[in-house]
Amino acid sequence: MTDSPHTAAKPEGVIVRHRPGPPPALGRLLLLPALGVPAGYYDPLAEQLTKAGLETHTLELRGSGDSPLRAGRGCDFGFRELLDEDIPSALRPLHAAKDGLPVWLAGHSLGGHLAAMSAGRLGFAIDGLVLLACGLPWRGAFDARARLRIDVLRLLIPVCNTVLGYFPGDRLGFGGRQPRRLMREWSRLAYCGRYAAEGIDEDLEAGVAQYAGPVLTLRMTDDPFAPLAACRAVTEKMAHARHSETALDAATLGTRADHYRWARKPDAVTPHLTDWCRAQRP
């Protein structure tokens with residue numbers, strides 16, 4: 001068995017979960033979780049990747065898991081803090097190792113969007129991008145039933161933000177407890193399909209469009225949150241990137257091919273990801 005994962009708090013308050021293992025022959029990977037999902041949820045995936053030679057670090061998103069922050073009227077944050085502070089802080093030591101090993105940036109769902117935006121801003125610090133069950137929540141990429149759910153969520157977000165000072169996703173069954181600004185930004189993304197962050201003046205869409213590195217997209221065939229059209233709506237933003245895409249079904253995964261279960265039973269995901277990383281190396 002691999003050693004138990006270590007949780008490290010960096011000076012900036014950023015928390016990264018890291019599982020020690022053998023020498024990282026394939027490089028290092030920073031994994032960004034989905035909305036409301038704690039970093040520890042990905043431990044089975046991280047253990048398998050580490051055993052396969054891909055040293056895996058999982059960022060704890062603010063307000064989730066071991067993060068000391070909890071969204072509330074007096075605790076608000078959004079994409080800006082994640083893009084300007086947390087992700088660069090977590091990437092810095094991986095990029096600074098200077099041992100010639102590549103650094104990969106991966107993200108699940110919201111984490112995939114954060115990874116894509118970061119690739120547009122920090123492309124010099126990564127050797128490739130991995131999108132895991134990552135579909136744009138833009139309502140135009142979904143069928144009528146799903147669009148209705150998105151519209152209801154968009155109506156609930158400002159009401160909850162005003163009345164409670166945060167979004168109670170833990171009680172509503174979507175995304176966990178989240179801060180006002182982040183959910184406001186999610187709602188805007190669902191409405192217009194474009195990346196933007198309050199407090200960041202630069203054109204994030206333009207940055208993503210300029211990213212020219214390799215991109216692996218792994219999508220699950222029965223994922224209601226990331227159907228084919230929603231996943232393609234993300235990758236189409238990266239016109240200059242080198243794309244690879246694989247669809248994994250229940251028979252391949254050995255479990256339901258939904259938005260979450262692959263991370264707990266990653267036997268099929270791990271070889272696809274590590275083989276792709278291996279193929280990108282010179």
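**View 1. Strand 3 and its parallel neighbours.** Strand 3 and strand 4 (residues 54-59) run parallel and are joined by five bridges, where pairing requires that DSSP finds at least two bridges between two strands, and strands (E, at least two residues) and helices (H or I, at least four) are DSSP runs numbered from the N terminus. Within strand 4, His57 is the bridge partner of Leu30. Strand 3 also runs parallel to strand 5 (residues 103-108), again with five bridges, and here Leu29 stands opposite Trp104. This is a predicted model, in which local features need pLDDT of at least 70 and side-chain atom pairs count only at pLDDT 80 or more, while totals for chains, interfaces and linings use all residues. Residues are numbered from 1 along each chain as its sequence is written, and side-chain values use heavy atoms, with hydrogens and water left out.

**View 2. The two sides of strand 3.** In a regular strand the side chains alternate between the two faces of the sheet. Gly27, Leu29 and Leu31 point one way from strand 3, whereas Arg28, Leu30 and Leu32 point the other way. Because six of the six residues of strand 3 (residues 27-32) are buried, the strand is largely enclosed by the rest of the structure; buried means under 20% relative accessible area, with a 1.4 Å probe and protein chains only.

**View 3. Lining of the largest pocket.** Of the 21 residues that line the largest pocket, Pro137, Leu153, Phe174, Trp186 and Phe225 lie nearest its centre. A pocket is an open set of points on a 1 Å grid over the protein atoms alone, where a 1.4 Å probe fits, with protein on both sides within 12 Å along at least five of seven lines, and lining residues have an atom within 4 Å of a point. Helix 4 gives the largest share of this lining, four residues.

Definitions and conventions:
Buried < 20%, exposed > 50% of the residue type's maximum accessible area, 1.4 Å probe, protein only.
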